[in-house]
Amino acid sequence: MLLFLPVLFGLFTGCGNEEEKQAKNLIETVKEYKGYEREIGQEEYDFYTYFVKRESAEELTAGELAEKVQNYANETNALFYLANKLGVCEPYSYEILKIRMEQENELRKVKKEKGEAFYGPEQFTLEQFFQYSKDITEANLRTCMEGWTDAGTIEKAQIYYEENKEKFRRREEVTYEIIVKDTTKTVIADRKQLNLLANADPALADFLELGQEKEQYEDVQAEGKRIVMIKEIRYNEDGFEANKEAAVSAYIQQQLYPELLQIVAENNPVSFRLEIN
């Protein structure tokens, strides 16, 4: 079965110049993206209102709703503008969104008539197409950022690593005790053995990977009730260099990405042209 993706913003078109990504500081580069102006009319404003209401767990006052819709519009604009500047997608506008949806729906109509398979709905609604394009663009933008290896980004990733070392620790050895009937056995499992357990005994493997010292796990085996208790956990202490790729990725995903979107949103606020009730 073939997957036919929308032709709009989610289509990954590139990710900037490789030399630039190694030489230029990502944060300073993004700070230079300013002065972009885009006006949002009533129809587009109402369109974003739908998403804000859908995501709100409680009823909002008129003032709260207006503030959230404006923030949502700014965040959406920042996402697509930044993605476009970094070469991830084409320019975004509400009108282009509608055109691209019509093109994609026509493509799907032809595929269906020819009996060709595709994933997703036969015809997108504008809400579905926007959400799908937005999700793909965000995923590709995050991937693009992970390829940015300038010294400033690496330095901040190392700071992030030092402040969050527990997130990068990997269990190298677990000593645990197994009690079945009246028999008690102590087992020392190294990293290789823990990996093998993932296929041989998934439930036990999950407990040994996630459980804490002195914590117990119980199940029933063919031999009877089994009680497992973790006695000791030994972690790797490899440091930043050994965990560099994971640390950079985590720093970008958890901290840098939202920071950059906020910078872009503040430097490129949208304006609103709304009807007066």
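Modeller: Before we start, a residue is called buried under 20% relative accessible area, exposed over 50% and partly exposed in between, with a 1.4 Å probe and protein chains only. This is a predicted model, in which local features need pLDDT of at least 70 and side-chain atom pairs count only at pLDDT 80 or more, while totals for chains, interfaces and linings use all residues. Residues are numbered from 1 along each chain as its sequence is written, and side-chain values use heavy atoms, with hydrogens and water left out.

Colleague: OK, is F130 buried or exposed?

Modeller: F130 counts as buried, because its relative accessibility is 0%. F130 forms a tilted aromatic pair with F51, 5.0 Å centre to centre and with 55° between the planes; rings of Phe, Tyr and Trp (its six-membered ring) pair if their centres lie within 6.5 Å, and planes under 30 degrees apart count as stacked, over 60 as edge-to-face and the rest as tilted.

Colleague: Where do F51 and F130 sit in the chain?

Modeller: F51 is in helix 3 and F130 in helix 6 (residues 126–146), 79 residues apart, so the pair links distant parts of the chain. Helices (H or I, at least four residues) and strands (E, at least two) are DSSP runs, numbered from the N terminus.

Colleague: Which residues form the aromatic cluster?

Modeller: One cluster is formed by F47, Y48, Y50, F51, Y72, Y94 and F130.

Colleague: At what angle do helix 3 and helix 5 cross?

Modeller: The axes of helix 3 (residues 42–55) and helix 5 (residues 94–113) cross at roughly 70° and come within 10 Å, where axes are lines fitted to C-alpha atoms, for helices over the stretch in contact, and angles run from 0 to 180 degrees between N-to-C directions. The contact, meaning heavy atoms within 4.5 Å, is made by E43, E44 and F47 of helix 3 with Y94, L97 and K98 of helix 5.

Colleague: Switching to the sheet, what is the strand order?

Modeller: The order is 3-2-5-4 in an open sheet of four strands with antiparallel pairing, and two strands pair if DSSP finds at least two bridges between them. The edge strands, each pairing on one side only, are strand 3 (183–190) and strand 4 (216–221).

Colleague: How many bridges join strand 2 to strand 5?

Modeller: Nine bridges join strand 2 (residues 171–180) to strand 5 (residues 224–235), and V180 stands opposite R226 in strand 5.

Colleague: And which strands does helix 9 lie across?

Modeller: Helix 9 (residues 202–210) lies across strand 2, strand 4 and strand 5, and runs at about 125° to strand 2.
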